[in-house]
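Here are my notes on this one, for you to read alongside the coordinates. Have a look first, then go through the points.

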Amino acid sequence: MAADGGSSSLQLPCVFSPKSRQYLALCAQDGRLRIWNTDSKTLHQEYVPSAHLSATCICIAWGPCRTVKEGPQRKKRKSEAGQVEEKADLLAMGTAAGSVLIYSTAKGALHCTLDGGHSGGVNCVQWHPEDSLLYSGSDDTNIIEWDLQTGKTRSKWKADRAAVTSLSVSPDGKLLLSAGHVIKMWDLDTKEVYRKFTGHSTAVTTLRFATLRPPESNGLYFLSGAAHDRLLSVWQVREDGKDKNSVVSFTLTDEPQHIDLVTSSSKEEAVRLAVVCKDGQLHLFEHFLNGPCKKPLSPSCTVQMSDTKDSPAPIPLLAAALGADTRTVQLAYGNHLQPVMEKVEINTAERHICLTRDVQTSLSLSMETTVTKVKTPIVNTKSKVLVPGLPGHQAPIKGTPQGSEKRKKDTDTKEMSIAERLGEIDLSTVSSEKGAPKEKASLQTDNFAVLLVQGLESHDANILNKVLQTRKDMVIKKTVARLPLPAVLPLVEEITKRLQGHPFSAVLMVRWLKAVLMHHTSYLASLPDLVTQLGVLYHMIESRVKMFHKLTKLHGKLYLLMTQVATSDSSKAVTDVDHTAKLVYEEESSDEEEASGDEALPDDADSDNWEEEEVTEQAMDEDEEEQADDSRTDSKANGEEDMDHGNESEEE
């Protein structure tokens, strides 16, 4: 049986091979499958799936050990053990794209690919202990039984309303456990539900049969672990069907990540259990399964690893496998890319054990040189570097001066790294000069469109930042217009993610969003589940604009207040009006007209008033002359009267 009953998508799959524990299979962050030899502690094989970036490996499981002959052969397994040495050979990998890859360690290559069965990511794969059958559970809520000899599906059935997150086949090959919302036990002959078990509120990540006894004797037990759950639950399959609650629970420090157990075949035999938690600790349990136990069981021994520095830091354990005797445990710890494997003797009488290791020296293990099949091409002066662009176009290459100097120094000896090659493609050379030809600009936007697609597929932050930080509306519009339709939704998701960040980046992202909605609305409207996919974006815009109305109201009120304050201040400043004339206008007229009776009459009438005014003016202004001629006084009076009227009208 496989050493791990289905891993959750958050964890990186890591499994020891069955029986001899000779190999450790790991899928690291880079999507490659690496198989390490635990005896020689070297990298045995490395395999890069063709779609390792887009369709990452979610779960892996070793097939049953089989006799391996030299040369290619169909998958057949002889039951006569002991005549020929049985080795772990086939390894099943479930991918996020919904396919199952079968890798052969004997051939060092892909044995076959099981395609077309699942429409969602494969969360768990489990082998049948005897026949050449494989079971896979997926996000599409289905379980598929695959026939390895034909590579076709033997049967497919809907297991749950939710995604199938874990599977386990019983040691006799008659029963199958599956977990979605509910744990179900299936009869593999009829594909009908034998029992249902409810109790977990989160996704079940681990299912394992704990005993080899038949269900009729009330002696069949299995255990389950779930995400964010610090308990392992043990369930009893009772003949009377009264198995609603778990009978035993094991307490852990974090959710289980890797489980290895030695099953018990009778009541007198204890179940031995090694659980590696998400926090990197190992817990060992030993328990006789014989009916319910009310109190949760603590581990008989807890193992932690730490380094040998002055302030020791913990080293995370990745996987553990129990040996034939009770004290030996095979450990894998450190980094997923290069784990350290070690067999240790553990004194289980001690409750807590801390193992100190010098990881730096252990990590400098020798890697076999023959393993890697990827060769970096040597780039010299005659080589032609192809850059991203649409077929048929020749994209403008503008080499950075620093890179070209390096190339001149050692043209034939040193090969260029990918980072240097990316440097050769200068993304910021969008020609916006008047004299620049239009074709060059269009080629550059072709480059942008291709680079944007590549960045979205590989989630490369550097490429995405370079493209999405463009401020020129023309380039943004052309890039969005040249995008292929499958890349539109990933672009919208990326824009949504960036809109949630800093306001400055949000300002840029709004331009891209506007361009996408202008060019691709008809495509987006044709998607059936668009509402759910654009829900986050819609709610975010709603929440941000919700404050806008209140802010505009507040702005209006503040503006009104400020203008009122400003006017009251200015009205206080204009209380004392200066009555002195700024300008006196004398109309040119002859003395005769002035002396005429019509004009002189009003002057005579006003002469008394004028004298009073003049007296007040003299008091105000002592510099003026006290006495003046009558004619001058008349004319001045006329002038003063005119200006006074003018001032009054201005004040009104």
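This is a predicted model: local features need pLDDT of at least 70, side-chain atom pairs count only at pLDDT 80 or more; totals for chains, interfaces and linings use all residues.

**Notes on the fold and its salt bridges**

1. Residues are numbered from 1 along each chain as its sequence is written, and side-chain values use heavy atoms, without hydrogens or water.

2. On secondary structure, I get 13 helices and 31 strands (DSSP runs numbered from the N terminus: H or I of at least four residues for helices, E of at least two for strands). Among contacts with a separation of 6 or more, 52% are between residues 24 or more positions apart (a contact being heavy atoms within 4.5 Å).

3. The accessible surface is about 37100 Å², and carbon and sulfur atoms own 53% of that (Shrake-Rupley, 1.4 Å probe; for residues, only the protein chains shown count as cover).

4. Take a look at helix α6, residues 473-481, where V475, I476, T479 and V480 are buried. Down the axis of α6 these buried residues fall within an arc of 125°, so they line one face of the helix (the arc is taken over the directions from the helix axis to the C-beta atoms).

5. There are eleven salt bridges in the structure (a Lys or Arg side-chain nitrogen within 4 Å of a carboxyl oxygen of Asp or Glu). One of them pairs D260 with R21 at 3.2 Å, N to O. This pair ties together distant parts of the chain, 239 residues apart: D260 sits in strand β23 (256-262), and R21 in the loop between β1 (14-16) and β2 (23-27). Both D260 and R21 are buried.

6. R357 and E342 make another salt bridge, at 2.7 Å, N to O. Here the partners are 15 residues apart, with R357 in the loop between β31 (352-356) and α1 (359-363) and E342 in strand β30 (339-345). E342 counts as buried because its relative accessibility is 17%.

7. R511 belongs to helix α8 (503-525), D473 to helix α6, and 38 residues separate them. R511 is partly exposed at 31% relative accessible area, and D473 is partly exposed too, at 42%.

Terms used: Buried means under 20% relative accessible area, exposed over 50%, partly exposed in between (1.4 Å probe, protein chains only).
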